[in-house]
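Please look over the sequence and the structure below, then go on to the points grouped by topic.

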Amino acid sequence: MVPYSAEHKPLVTELARHLWSPDPRLNERYLNWKYHQNPYIRDPLIYLVFVGEKLVGMRGAFGSLWEVGNPAEFFTLPYADDLVIDPAFRRQGLHRVIMNFALRDLAERGYRYVVNLSAGKVTAAASRKLRWRDAGRVRALYRRTSGKTAADFLSDRARPLPLLWRWADNLSALSRSSGNHLFDQLDARFSALDQRRNAGSPFAQRTPLIREMSELVARLPRDGRIRHVRDETFFAWRFGNPMYDYRFLYIGRERLRGYMVLQRSRFFVQDRASIVDWEAESDAIRAELLAAAIEYGRFPELCIWQLGASSTAALLAHHHRFKPLHRHYEKSVLVRSASDDELDAPWMLGGRRLDDADQWDLRMIYAM
């Protein structure tokens, strides 16, 4: 077991082909962005396991900055992510070994708690055995067009059939735009000509108004729940993620009154857009932003997280027929004390329990 240093970068980007993408160059860009350019923990916290000269496993922990209470207190926490074991070395207990090594190092560095906001079923089960606590389940809601529903129905029916299974995944792409074309209809609707409309109408951009967005967040009331800091530093870093493409819906040209951030994967060919952040001065503006995304984006599938959402957001999602899909796995919000000495103590951050879902204002933008 060794901590990461810059000399390990080529080995990490190659191992990450089992996790991030098959392209080592894209993996290197993602590694640089996530760990080397992270604004909260400058020294990349990545833990590696070698067998001889061969790198067979890694676990990363990138920096995150949280605000709690009103007035807010601020806490830097490592976000445990990017667990990958070489397929030839799996089911040999390496997850436990590498995580214990990481936790000891994080505790020695003075970090009290570690978080993971979107653990899948396998990671969550393994983490609970290592005394992580479950702070809630992220329930994703989806809104699907009739074309998307029909295409997926045909795909599911074709997959078990001889000869047709090869084309089953392609059938789902029949539901209008997907992949690099997912934002085409939104972009066409909000073309340069359309930008001349009145100041109160929605408009869209490919680049974020990071100063205006951070100012809007700062002037809105906060309820004191645990939430990630959303300032200029965070927005500038977060939207540099090379794995995703973004579109930004706004209302308020002279003074920003609301925004919605839409995300799509740059690597995986999907027909799903995700609402990763959504903020507004009023419920009416929030509703107008969602209606604009649905009407003008015409996405085959639109996704939003439910855990921690406001009552207004939940009502709007219900009104627009967002609902859970059983075939999609739920994600777990996991927390752990870095030190084994506090495993049986209450885990508190700014007077709020870390393992209580009601204490979190959780948005997809905080997760990877």
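Strand 12 gives six residues to the lining of the second largest pocket, the largest share of that lining. The model is a predicted one. Its protein chain holds eleven helices and 16 strands.

**The chain as a whole**

- The protein chain has 368 residues, and 52% of them count as buried.
- Taking contacts between residues at least 6 apart in sequence, 73% join residues at least 24 apart.

**The second largest pocket**

- The volume of the second largest pocket is about 540 Å³.
- Its lining is made up of 30 residues. Trp-278, Glu-279, Arg-286, Ser-310 and Arg-363 are the ones that lie nearest the centre of the pocket.
- Two or more lining residues come from each of strand 12 (272-280), helix 10 (283-297), strand 13 (301-305) and helix 11 (311-319).
- By residue type, the lining of the second largest pocket has 14 nonpolar, four polar and twelve charged residues.

**Nonpolar cores**

- The largest nonpolar core contains 65 residues, and Leu-117, Tyr-259, Trp-360 and Leu-362 have the most contacts inside it.
- Strand 3 (residues 54-68) supplies six residues to this core, the largest share.
- A second, separate core has 28 residues, among them Phe-183, Leu-249, Ala-280 and Leu-316.
- Leaving out residues up to four places away in sequence, Tyr-259 touches Met-213, Leu-216, Val-217, Arg-230, Phe-235, Leu-249, Tyr-250, Asp-277, Trp-278, Glu-279 and Leu-289. Among these neighbours of Tyr-259 is Leu-249, which is listed in the second core. Trp-278 and Glu-279 also touch Tyr-259, and both are named among the residues nearest the centre of the second largest pocket.

**Helix 11**

- The buried residues Thr-312, Ala-313, Leu-316 and Ala-317 are in helix 11. They lie on the same side of the helix, because the arc they cover around the axis is only 135 degrees.
- The buried residues of helix 11 pack against strand 7 (140-144), strand 12 and helix 10.
- Ser-311, Leu-315, His-318 and His-319 are exposed, on the face of helix 11 turned away from its buried side.

**Backbone details elsewhere**

- Asn-70 and Pro-71 are joined by a cis peptide bond, with omega near 10 degrees. Pro-71 sits in the loop between strand 3 and strand 4 (73-85).
- Asp-82, in strand 4, is not a glycine but has a positive phi of about 55 degrees. Buried means under 20% relative accessible area, so Asp-82 counts as buried at 6% relative accessibility.
- Arg-298 also takes a positive phi, near 50 degrees, in a residue other than glycine. The loop between helix 10 and strand 13 holds Arg-298. With a relative accessible area of 45%, Arg-298 is partly exposed.

**Two contacts between separated parts of the chain**

- Leu-106 belongs to helix 3 (residues 94-108) and counts as buried, at 1% relative accessibility.
- In sequence, 232 residues separate Leu-106 and Ala-338, but their C-alpha atoms are 6.3 Å apart in space.
- Besides Ala-338, Leu-106 touches Leu-45, Tyr-47, Pro-78, Tyr-111 and Val-114, not counting residues up to four places away in sequence.
- Asn-180 is in the loop between helix 6 (165-171) and helix 7 (184-189). At 58% relative accessibility, Asn-180 counts as exposed.
- Asn-180 and Arg-266 are 86 residues apart along the chain, with 7.1 Å between their C-alpha atoms.
- With residues up to four places away in sequence left out, Asn-180 touches Arg-264 and Arg-266.

Definitions and conventions:
Residues are numbered from 1 along each chain as its sequence is written. This is a predicted model: local features need pLDDT of at least 70, side-chain atom pairs count only at pLDDT 80 or more; totals for chains, interfaces and linings use all residues. Side-chain values use heavy atoms; hydrogens and water are left out. On a 1 Å grid over the protein atoms alone, a cavity is a set of points where a 1.4 Å probe fits but cannot get out, and a pocket is an open set with protein on both sides within 12 Å along at least five of seven lines; lining residues have an atom within 4 Å of a point. Grid points are joined across faces, edges and corners, and a volume is the space filled by probe spheres set on the points. Helices (H or I, at least four residues) and strands (E, at least two) are DSSP runs, numbered from the N terminus. Ala, Val, Leu, Ile, Met, Phe, Trp, Tyr, Cys and Pro count as nonpolar, Asp, Glu, Lys and Arg as charged, and the others, Gly among them, as polar. A nonpolar core is a set of buried Ala, Val, Leu, Ile, Met, Phe, Trp, Tyr and Cys residues joined through side-chain atoms within 4.5 Å. Buried means under 20% relative accessible area, exposed over 50%, partly exposed in between (1.4 Å probe, protein chains only). Contact means heavy atoms within 4.5 Å. The arc is that of the directions from the helix axis to the C-beta atoms.
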